[in-house]
Amino acid sequence: MIAQTTRRLIEQRLCDEVGRINKDAGHRIALAYPSPYNVGMSSLGYQQIYRTIQLREGMCCERVFLPDGADKDPGARFDAPVSYEGLRTLNEFPIVAFSVAYELELGGVIRMLQASGIPALGAERDHRHPFILAGGPLTFSNPLPLGPFVDAIVIGEAEGIVEFALDTILGAESRSAALRALAQHPHIYVPSEHGDQLPPVGKCDDSILPARSTIRTPHTELSNMFLIETERGCSRGCQYCVMRRSTNGGMRVVPEETILSLIPADAPKVGLVGAAVSDHPRIVEIVEALAADGKRVGLSSLRPDRLKEPLVFALRKVGYRTLTTALDGVSERMREAIERRGRKPHYQDAAARARAAGMQRLKLYLMLGLPGETNDDIDEGIGFISELSKIIPIALGVAPFCAKRKTPLDGQQFAGVDVVDAKLNRLRRGLAGRADVRATSAKWAWVEYVLAQGDATEGLALMSAVNNGGSFADFKKAFAPLGYSTKGPQTPRISVGPYAPLPTHREARLRVVSGA
């Protein structure tokens, strides 16, 4: 029985959507997102796969999301989530395809499956249950903790691969036959076949680019905004980033004329999306063209060294009131260590240009807890940000550093919850009255770190924490037997070269277990 409030909510949202592809077909796929509707419908990757399936002959998809508010209350129980198009539960579909963006969404996968009466563990499912397929941004780094809960994972760029996966599953004579066939694809990971050996990241044909929105809706983080890629990948070498220049050939640029031709005339707002949007060689011309067309524009990534006067003033024309860029390292030394190109003059110039363009503030993103960071680095950051605040009001968004797989900083341990909080408090005190400082939780960043560095073992511990209530204390208790501590590094760091990753937490844990 579907609650009337749920029915009304879905009806209202469907009524307000623009661009939905209404389709009926013989094969129905559940396209699931383990966060609420407002987050899922802001995901360009999710929208790209929606279009891919809806344009595929003989199949269609129905969208299913984590219920509203469930992401804010990890212990909340909820009824089986239902699809927006058909009000069906996940267990009514032959295939459930999850798009997973990052580690903390793994709990949403488990909760959605269990609420739908589907065993969360793949080993406990059989032919009576849907086939669980997954993909998404998480697969560029480390999807191993997701492995126990799915049957197969598309690794990397899904366009051109997801079609093969769906056709294979639907055409197989049995679940086991489908798994064997999928395991032969060079970019599909089948946990039951591959163990912990991940295949390489897949790369779609450039002719498929750019990804772009299909549906626009006011009920998202990016209300009524049409999203489109300007490029895919990045030519830079930031050491913490999964999308650095070595991933899938670096930056692949979409031509200006292609971008402009695909933007609907009736779209009032346009989001230009990519890992390095401001590195597009024609970005000023693109923004100027959209300004001339009367559109408001948002860019997902502005690099400080690219914030020249023409771009800053073009951004003001398309509605920018806040200029946003990444400071990342709190000091010049830290920025050099992680290979960020931003230097003090870049930020000073950006602040002056934002003020000259009539913008209200400069927003800077910052990481705390980088390897080797000291209080001297924090104090340098306080001094520099204070200087910037004399030019234009400053807003500071702070996040703890979490090492990701497939980056040069893979294996660096988490600084420690108390350590990060102490650094944040020092920063807040030093910038009191000079900058608006807002930070994400060090506790949940630690959970993200454990999952980012883990594999199926950490995934199973995650399920235990979720089933015990999903609080931070539950995660801390579940991860403790695996050797993880919120106190920070527990083993000495051994340098093995300037770019080679340090021993992972798992390797350190094995040393402890073996007595090495």
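**Salt bridges in a predicted model**

Modeller: Arg-216 forms a salt bridge with Asp-266, with 3.2 Å between the closest N and O atoms. The two residues lie 50 apart and link distant parts of the chain: Arg-216 sits in the loop between helix H7 (191-194) and strand E7 (225-229), Asp-266 in the loop between helix H8 (256-262) and strand E10 (269-273). Helices (H or I, at least four residues) and strands (E, at least two) are DSSP runs, numbered from the N terminus.

Colleague: What counts as a salt bridge?

Modeller: A side-chain nitrogen of Lys or Arg within 4 Å of a carboxyl oxygen of Asp or Glu. The whole structure holds 36 salt bridges. This is a predicted model, in which local features need pLDDT of at least 70 and side-chain atom pairs count only at pLDDT 80 or more, while totals for chains, interfaces and linings use all residues. Residues are numbered from 1 along each chain as its sequence is written, and side-chain values use heavy atoms, leaving out hydrogens and water.

Colleague: Is Arg-216 buried or exposed?

Modeller: Buried means under 20% relative accessible area, exposed over 50%, and partly exposed in between (1.4 Å probe, protein chains only). Arg-216 is buried because its relative accessibility is 9%; Asp-266, at 53%, is exposed.

Colleague: How far apart are N and O in the salt bridge of Arg-20 and Glu-17?

Modeller: That distance is 2.9 Å. Arg-20 is partly exposed at 24%, and Glu-17 is buried at 9%.

Colleague: Which residues are linked in a network of salt bridges?

Modeller: Glu-157, Glu-159, Asp-206, Glu-229, Arg-232 and Arg-252. Within it, Glu-229 and Arg-232 pair at 2.8 Å between the closest N and O atoms, and both are buried.
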